[in-house]
There are 2 protein chains.
Amino acid sequence: MHLPSESFTPIREVGEFGLIERLRDTLGLTLDTVPDELIQGIGDDAAVYRVGEGRVHVVTTDALVEGVHFDRTFVPMRYLGWKAIAVNVSDVAAMNARPRYATVALALPNNVSVEQAEALYGGIAEACARYDLALVGGDVTAAARLTLSVTVIGEAAEHSVVYRRGARPGDLLCVTGDLGSAAAGLRVLLAGKQRLDASSNGEAGESSPPNLSEFAYAAERQLYPQARLDRVRHWAERGVKPHALIDISDGLASEVHHLCRAGSVGAVIEAGLLPIHVQTFKAAEHFGESPLAFALYGGEDYELLFALPEAEREKLDESTYAVVGQVVEADAGVTLRTPEGEVVSLDAQGFAHF
Amino acid sequence: MHLPSESFTPIREVGEFGLIERLRDTLGLTLDTVPDELIQGIGDDAAVYRVGEGRVHVVTTDALVEGVHFDRTFVPMRYLGWKAIAVNVSDVAAMNARPRYATVALALPNNVSVEQAEALYGGIAEACARYDLALVGGDVTAAARLTLSVTVIGEAAEHSVVYRRGARPGDLLCVTGDLGSAAAGLRVLLAGKQRLDASSNGEAGESSPPNLSEFAYAAERQLYPQARLDRVRHWAERGVKPHALIDISDGLASEVHHLCRAGSVGAVIEAGLLPIHVQTFKAAEHFGESPLAFALYGGEDYELLFALPEAEREKLDESTYAVVGQVVEADAGVTLRTPEGEVVSLDAQGFAHF
């Protein structure tokens with residue numbers, strides 16, 4: 001008898017995006033019940049569905065998993081609760097929408113105390129108050145590792161929603177805030193942790209660990225990210241609607257590729273124009289790395305990347321964005337122009353979970 | 001200097017519901033931004049918010065965590081995907097609403113293959129097709145333990161939503177389906193696993209393990225639960241609206257207490273009227289347990305418990321429900337009348353996660 005051999009393909013062989021594509025194919029084979037009201041399913045920062053005349057809701061879900069997204073030894077519970085909400089609100093902002101409701105599924109190991117769980121919820125409550133949304137549902141279960149799965153539902157006028165697709169050759173590529181500081185902050189926090197570990201083991205540790213107080217901004221960017229709803233509001237006030245929009249969670253390079261693939265366009269990023277904070281430069285120097293690598297491939301900035309028609313530029317307050325490149329025709333690909341004027345292919349390498 | 005001592009209260013000291021209450025208090029302290037459209041927040045099977053003239057959406061979230069809710073050694077991936085959707089759809093049914101959209105946050109350990117992840121998604125797709133909802137969002141991350149966090153959004157006419165509150169003295173307490181078979185199925189599956197473990201260790205194992213083929217119904221109830229949308233549809237067709245409604249996920253006793261607390265009423269459950277499947281009796285006999293304990297305290301039936309005005313009874317098809325007791329005044333408490341006519345206090349003991 002020949003038993004069919006069951007294949008075992010390790011996930012790391014296909015990668016996170018490869019896996020997502022195969023799972024999407026699995027869904028495609030059997031799921032043909034798409035409601036008329038569904039405008040955008042899987043494939044953008046959030047799904048979009050109609051809820052009334054000219055009104056839509058958007059929905060997004062993101063989980064934070066201990067040992068993958070955070071290390072409990074240096075992330076205070078309150079920050080963790082904040083971040084779980086903020087990263088989902090960032091996805092709502094990336095549709096040019098505003099958050100309304102959130103649900104949280106919390107999986108708690110038994111070495112988390114009631115007081116720590118309360119601190120976590122304190123951070124969740126703080127973020128909900130800040131971003132003006134209501135926590136309406138929850139599930140609390142036991143688990144081996146602390147996991148927070150958050151879903152946020154937002155709302156918008158149907159005509160104001162901005163998708164990843166839609167960028168046109170000639171558009172300016174712009175970002176909010178600065179790039180790479182959250183990744184720099186993570187490196188600093190990890191080095192601080194290694195020093196503590198080493199000293200508690202009686203070892204010397206790293207010869208010259210970074211001084212945390214010099215990197216307070218970068219550490220805060222890592223622990224306490226801000227969803228850019230302020231920019232969404234600014235655009236609404238100024239009557240500006242970007243052609244395309246995505247949030248920068250996996251690093252600028254990766255997001256530029258998403259935007260270009262979705263819009264069937266190419267892009268030129270100007271390395272010399274990337275907004276990089278002085279602490280990111282300092283951290284790069286300390287660790288012997290390139291500040292450009294932090295800015296292009298460092299994850300968790302939660303800033304917004306958007307394609308802006310040149311004519312809209314004057315409507316925006318100059319302090320609210322930085323131009324980092326331009327949208328070009330698809331066949332020109334996605335490239336980076338170095339400060340020296342050299343044009344190189346920009347690969348999509350970003351934060352890899354697997 | 002006196003540092004404030006940081007308390008460490010283990011979660012098991014306050015229990016799941018105690019923890020949820022304290023977390024709700026934490027939210028209450030800081031969260032005062034409740035949108036006008038929010039009709040029901042935390043505290044029912046799903047939250048309810050208005051989305052248009054006379055229309056509401058409901059939203060619920062529930063996670064399945066490896067080692068807590070399931071054991072991968074005897075739960076096929078396809079069933080697991082199905083169940084993650086079905087248990088959330090059950091919460092939507094428990095609001096007398098219909099599911100529309102789902103999001104799934106999947107945390108995958110690296111010993112899960114791409115093929116297994118596809119099987120999991122196959123089950124998710126099957127459940128989405130069966131219950132007529134669209135999977136619109138997802139997040140896939142690495143993790144130490146397999147975790148599926150699902151959020152389901154449903155819809156209903158505002159006037160047709162049924163809450164946990166609302167039961168009135170004199171109402172009949174009714175359930176759909178039978179009670180306790182999912183818990184019986186779990187016992188059978190666990191015994192089968194122990195036998196396999198023992199034989200692979202060269203041990204004799206349990207002297208007379210249950211024959212799985214005799215318990216196919218119970219095992220299916222555990223692995224492949226059905227959300228009772230069929231009953232929600234039946235009520236709509238017959239113009240019946242229960243006074244109060246909850247799904248039976250933690251055992252009948254626990255849910256009766258929720259219904260009574262929410263409605264400020266009491267209840268008498270008639271032990272002799274509980275619908276118990278023959279395989280539940282057989283399993284109870286095999287394991288030397290009481291079938292009544294399975295029916296009252298066994299979790300994961302995902303049937304519906306509802307309070308029905310006596311006058312509505314004749315509108316319903318007799319085969320779609322069983323009367324199991326009656327709603328009484330609050331001061332009579334929650335009691336169980338044994339087949340011998342003895343009335344005893346019914347405690348809320350249900351499935352405990354911590």
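Start by selecting A:Arg100 and B:Glu37: these two form a salt bridge, with their closest N and O atoms 3.0 Å apart. A salt bridge here is a side-chain nitrogen of Lys or Arg within 4 Å of a carboxyl oxygen of Asp or Glu. Between chain B and chain A the count is four salt bridges.

A word on what you are viewing: this is a predicted model, where local features need pLDDT of at least 70, side-chain atom pairs count only at pLDDT 80 or more, and totals for chains, interfaces and linings use all residues. Residues are numbered from 1 along each chain as its sequence is written, chains are lettered from A and ligands numbered from 1 in the order in which they are written, and side-chain values use heavy atoms, leaving out hydrogens and water.

Next, select the whole contact (heavy atoms within 4.5 Å): 76 residues come from chain B and 75 residues from chain A. The buried area is about 6,400 Å², with 68% given by carbon and sulfur atoms; this is the accessible area (1.4 Å probe) that two parts lose on being put together, summed over both.

Which residues count as buried, and how many of the 354? The share is 58% of chain A, buried meaning under 20% relative accessible area (1.4 Å probe, protein chains only). Along its principal axes, the C-alpha trace of chain A spans about 60 × 60 × 55 Å.

Definitions and conventions:
Buried means under 20% relative accessible area, exposed over 50%, partly exposed in between (1.4 Å probe, protein chains only).
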